[in-house]
Amino acid sequence: MCGIVGYIGRREAAPLIVEGLKKLEYRGYDSFGVATIGKTLELDKHKGRISDNSQSALRLKGKIGIGHTRWATHGIPNDANAHPHLDCSGTIAVVHNGIIENYAALRRQLTARGHTFRSETDTEVIVHLIEEEYGTKKDLLAAVQAVVPKLEGSYALLIVADKEERMIVARNASPLVIGIGDGENFAASDMTPILEYTERAMFLEDGDIASVSGSEVTIFNNG
């Protein structure tokens, strides 16, 4: 099973995310990646072990970030299929634990509308769908709320976007926990990466979508 870690707060995100992903290695994985939001969105992802490739990820700048360890389902283990996945503009990033069962139909529709895919994964359809909604709504939370009803299957999602001072998270049939810190907040697929920093946690329920900043967490369900 894949592992996900997200952070937003007062510290550099990349080192916290890399250490958190190491604590999820017990789940097994064949690739990993990190995206951060600083002056721009920065991305680093690799096939293989974190211990062999972490130095470039640790150099990413920004106090908002998401990371992922992947166990291949759709698409072979390689750098392109590793998460996070980006939209066409390279300004929105998504990590995903779960399986999108209707991804093939969604991918055909998105390709017909002009989207370019860089991977073979089911996850990449999510970021392109968010890209479309974000282009009209100009609000990341509203974009995610519009997209998740289109997804069939299971997901724990972490989404960040350039110029957005928050992280959007969503859950359906895949575990996701938010850790509450002091001027910083975390998200992960279980408590293991969070316990070093806080024991205060909220376990999301199916259908929950949360907007997470460094100082606040707001959870929505059915609007």
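Colleague: How many of the 10 residues of helix 1 are buried?

Modeller: Good place to start! Keep in mind that this is a predicted model. Helix 1, residues 13-22, is mostly covered, with seven of its 10 residues buried. Among them are Ala 13, Leu 16, Ile 17 and Leu 21.

Colleague: Now the sheet. In what order do its six strands lie?

Modeller: First the general idea: strands of a sheet pair through backbone hydrogen bonds, either parallel or antiparallel. In this structure the order is 5-6-7-8-12-13, the sheet is open, and the pairing is antiparallel.

Colleague: Which strands stand at the edges?

Modeller: Strand 5 (85-86) and strand 13 (217-221) do. Each has a single partner strand, so one side of each is left without a neighbour in the sheet. The partner of strand 13 is strand 12 (residues 208-212), joined to strand 13 by five bridges. There you can find Val 212 standing opposite Val 217.

Colleague: And which strands does helix 4 lie across?

Modeller: Helix 4 (residues 124-137) lies across strands 5, 6 and 7, running at about 140° to strand 6. Helix 5 (residues 140-147) lies across strands 7, 8, 12 and 13, at about 150° to strand 7.

Conventions:
Residues numbered from 1 in each chain as written. Predicted model: local features only at pLDDT ≥ 70, side-chain atom pairs only at ≥ 80, totals over all residues. Heavy atoms only, no water. Buried < 20%, exposed > 50% of the residue type's maximum accessible area, 1.4 Å probe, protein only. Helix = DSSP H or I, 4+ residues; strand = E, 2+ residues; numbered from the N terminus. Pairing = 2+ DSSP bridges. Contact = heavy atoms within 4.5 Å. Axes fitted to C-alpha atoms, helices over the stretch in contact; angles between N-to-C directions.
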